[in-house]
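Me: I would like to go through this model with you. Shall we begin with the helices and the sheet?

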Amino acid sequence: MAEHINKELEQRYSNTIFLNAVLPLLKTILEDTPSLQKKWQKRCICQVSCLLNNGLAGNEGKAGIHFIFENGTCTPVKGCCEQNPDLDLEFHSVEHLNLFFKSKTSKLPLLKGALKHPLLLVNFLSLLMKMGKLLGMTQAPKNEADQKLLVKCMFYLLSRGINILNKMGHPEVRNWTENSPDRVYAWAVEGHPDLSAHLRIKKGLSMARRGPYTKSMPFFTMKFDSPLSALGILQGTADMIRFTIEGKLTMVGGPEYGAMLGDRMMLVGSYVK
């Protein structure tokens, strides 16, 4: 029974990260891709959801996230829409959603609203595919704009992912945060203030935000000299020690804290791969 519970909990960790850290990246992708914005001028609501507890009736039996598109912008909203969205990609279980976004199943979700809004379905799937292709890259994109977008997305994903695991009580992350004084951990790229994110922790509490932390100097910052160097570490194609010696990676703060942060980053990665 314990093994079953552990497996179920692992699925919930992964599912919550997908819904609340990965999928909200659609906002960032749309913001940084003007060519896509013209497709999202008319107000509409798209949702990604999965059934819980054998599909109990109503939204209390579903987990999800919905997106409000209007005037070329995307606003992610946690949870299922109270009213019927224009489009709902409904997965039959938590595991089905996880497998789909890990690219480990070709089985599609139930496409509610697709017949009524076929063009909306095409546009939404295209946006999801762009996100999946970007995050699924094992080598840095050749285009500099794509490099910057991927770094930004990965910084946001990692900071939010750690925050989510802490709020869910993941033992490894909670053990790290519960005895911590007020500290801010940050990710940054020199000369690119828009390529940054930070995570604040204090006595078991945590908060993740986009952008630099401006109230004071962060307790620890993982700083890269370029987007390309950042991707070398984030995608696991470069050696951290060599990059540190060459000045491509600077750990502003004790290196032992860099190791701690790196372990939590890898933990988040394990739930989305």
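Me: Which strands does helix H10 lie across?
Reply: Helix H10 (residues 255-272) lies across S6, S9 and S10, and it runs at about 75° to S9. Axes are lines fitted to C-alpha atoms, for helices over the stretch in contact, with angles from 0 to 180 degrees between N-to-C directions; contact means heavy atoms within 4.5 Å. Helices (H or I, at least four residues) and strands (E, at least two) are DSSP runs numbered from the N terminus.

Me: Is this experimental or predicted, and what are the conventions?
Reply: This is a predicted model, in which local features need pLDDT of at least 70, side-chain atom pairs count only at pLDDT 80 or more, and totals for chains, interfaces and linings use all residues. Residues are numbered from 1 along each chain as its sequence is written, and side-chain values use heavy atoms, with hydrogens and water left out.

Me: What is the strand order in the open sheet?
Reply: The order of the five strands is S8-S7-S6-S9-S10, with mixed pairing; two strands pair if DSSP finds at least two bridges between them. Strands S8 (205-210) and S10 (249-252) are at the edges, each with a single partner strand, so one side of each has no neighbour in the sheet.

Me: How many bridges join S6 to S9?
Reply: Five bridges join S6 (residues 183-189) to S9 (residues 220-224), and the two run parallel. Ala-188 stands opposite Lys-223 in S9.

Me: Changing topic: how many disulfides are there?
Reply: The search of the whole structure finds zero, a disulfide being a pair of cysteine sulfur atoms within 2.5 Å. For Cys-46, the nearest cysteine sulfur, that of Cys-44, is 4.6 Å away.

Me: Is Cys-46 buried or exposed?
Reply: Cys-46 is buried, at 0% relative accessible area (buried is under 20%, exposed over 50%, partly exposed in between, with a 1.4 Å probe and protein chains only).
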